[in-house]
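Let's take a walk through this structure together. We'll begin with the chain as a whole and then stop at a few places along the way.

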Amino acid sequence: MQYTSPTLQFHENGYEAQDPRIKPARGYGLTRALPAGAERAELPNELDVLIVGEGPAGMTTAAQLSAFPELNVRLVEKRPSMLLVGQADGIQARSVETFQAFGFGSRIVEESYRITEMAFWKPDPAHPKNIIRTAVAPDDPAEISEFPHIIINQARVMQYFGDFMKNGPSKLVPDYGIEYLSHTIDESHEYPVEVTLKRDGNEFKVRTKYLVGADGARSQIRRDIGATRLGQQALHAWGVMDTLGVSNFPDLRTKCAIQSAAGSILLIPREGGQLTRMYVDLGNQDENDAGAIRKTNIKQIIQYANNIIHPYTLDVKDVTWHSVYEVGHRVTDRFDDVPAEQVGKRDPRVFILGDACHTHSAKAGQGMNVSIQDGFNLAWKLGHVLMGIASPSLLATYTGERQVIAQNLIDFDKQWSSLMAAKPEDFDSPTELEDFYVRTAEFPAGFMTEYQPGLLTGTKEFQSLAVGYPVGKRFKSSLVSRRSDGNPVHLGHTALADGKYRIYVFSDPPKAGMPSKAAALAKWLQEDKASPIPGRGHWFDTKIIYQQLHTEFELLDSPEVFHQPYGKFNVMQYDRVFGVHPKSDIFEERGLSRDGVVIVVRPDQYVAQVLPLTATKELGEYFAGVMPRGLKERPAAELPDSK
């Protein structure tokens, strides 16, 4: 399926001659510059959010919060500088969707290795010590996403998130060389969490409203909140290496699952055209001396690899990185600092994300991907609570939603890693491995996440109105035609990581002499006191999609709520009114009711509600729950740029 780059919107406040991705500083971004002669910034004494750890979870959290320049957010990392070489490299299509919201999906695809198929190699029945190719399976046989499955080093992903933060209005950059030591909580203080940190051997303290622990598998913050890791080691080890080499193995530039009498390899080509990653089976571990396997050196790993791919050979010219790891499957009992007996009695102040709360094998390519979604899930919730548009009780949904997803991942990874480690003779069917790969493609691609009904996610009462947009699952994009210029646009790609809710109104058909239900809904959205929009329109992105071709109606036929004035000069929004694409009718493609339907999408791109166009009561009640009026919103006087 075709995917399109979103059209950047700028010039609304006058002509901008610079890179439109670089936004003028606002809020705390105005105070981010270093003092004259200073080599580094000092942390303020009081913060809204302190993030510990520059990995995928921490950087995603920081990047999303950087879209809230009114908030004082810092990310600290104990390394002295940015990550240059990361261990993770597999990027699933759901992550690329997320990158698109942060403005770099298309750019990162260009420099990545794209996985389109996977080859399976097994022992030759005629010569069992040799391997032969037995099958080639498409990577996305069901075309579940318009985005590809890609391979790129984790460090580049962090750099892209870093650019988004640095170029945004908050001008957020990580603070390196700072180590987390401990924290205490005093709810009587305006900034309840007191955090002890260390820099250059000197301890110091800061206070924050919320602490986010993205500090890895050996997380000290996890220990400090008393979260318990559940699970066990699999007592099976793998050597992993990134190599530049010469080989007569014909599929060195194709993703492969190789199973031979000598063991198994998961081979993953890397970006750049030459680098190859191999996960090499080192066999079962001795339960009484599991640490011994870590002494396996790179020469031994290379020899294991050559034994496995016989009769082919691999002549390694350079090793850019290698490691040995034991497979473990663990998930913590909770992802915040609220013990089970206190759930519902107090709101969380401390959160853990990514490897700090779930660990598994690397071969399913899920570690970085799931960690990114942890950060995306939590960050906008923190932003809404701190901005005063949501109750602190919203933060409890982070553990409620993400812990289930992590456990599902652990269960899947146990199956996949066990199949990868199995000997060919152990399979019930000769095609068991490739069948599993094709059958479960939607899970590792990141699209099986389905949040259950609750505060943020509605029920499936009206699901029949939008079969292709299951409530609780991510909003799957489709092509539409923008009315203002006739350009084909992927509707989902217009959603940015800006902390806004999306309200997509799929209109009823025009009927002569009959009032439009979509127009009536639009009037309610713009004017009614029960609507969430009046006085808070900047927290919503409202769009309308008509059933006609874009040539069959005028832009200004649409209600004003879909083209409201904005910016310094109150210019009109031209990019929120659409018709169906002439070759891909979204109503047909996504099973949308011809009577019309309204779909509410959360800031992290998951479908929150599917409702009839007439269900204004239900729509108002939903937003009254997630964005109740009457909360104390953060006053503008607190902002640095308000003076």
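Accessible areas here come from the Shrake-Rupley method with a 1.4 Å probe, and for residues only the protein chains shown count as cover. On that basis, the chain has an accessible surface of about 26,800 Å², and carbon and sulfur atoms hold 51% of it. Keep in mind that you're looking at a predicted model, where local features need pLDDT of at least 70, side-chain atom pairs count only at pLDDT 80 or more, and totals for chains, interfaces and linings use all residues. Residues are numbered from 1 along each chain as its sequence is written, and side-chain values use heavy atoms, with hydrogens and water left out.

What is the chain built from? You'll find twelve helices and 27 strands; these are DSSP runs numbered from the N terminus, with helices being H or I of at least four residues and strands being E of at least two. The radius of gyration is 26 Å, close to the 26 Å that the globule rule gives for 643 residues, so the chain is as compact as a globular protein of that length. (That radius is taken over C-alpha atoms, and the rule is 2.2 Å times the number of residues to the power 0.38.) Along its principal axes, the C-alpha trace spans about 80 × 65 × 55 Å.

Now for the inside. Of the 643 residues, 56% count as buried, meaning under 20% relative accessible area, while exposed is over 50% and partly exposed is in between (1.4 Å probe, protein chains only). Contact means heavy atoms within 4.5 Å. Among the chain's contacts with a separation of 6 or more, 73% are between residues 24 or more positions apart.

Setting aside neighbours within four places in sequence, L230 touches H329, R330, V331 and D333. L230 and H358 are 128 residues apart along the chain, yet their C-alpha atoms are separated by 9.2 Å. L230 itself is partly exposed, at a relative accessible area of 46%.

From Q300 to G14 you'd count 286 residues in sequence and 63 Å in space, C-alpha to C-alpha. In the loop between α6 and β16 (314-332) you come to P311, which is joined to H310 by a cis peptide bond with omega of about 20°.

Why stop at a bond like that? Most peptide bonds are trans, and most residues other than glycine have a negative phi. N570, in the loop between β23 (565-566) and β24 (571-572), has a positive phi of about 55°. Q605, in the loop between β26 (597-601) and β27 (607-611), has a positive phi of about 80°. Are they buried or exposed? N570 is exposed at 55% relative accessible area, whereas Q605 is buried at 9%.

Our last stop is a pair of helices. α10 (residues 517-527) and α12 (residues 616-626) pack at an angle of about 35°, their axes 11 Å apart. L521, W524 and L525 of α10 meet T616, L619 and G620 of α12.

Conventions. Axes fitted to C-alpha atoms, helices over the stretch in contact; angles between N-to-C directions.
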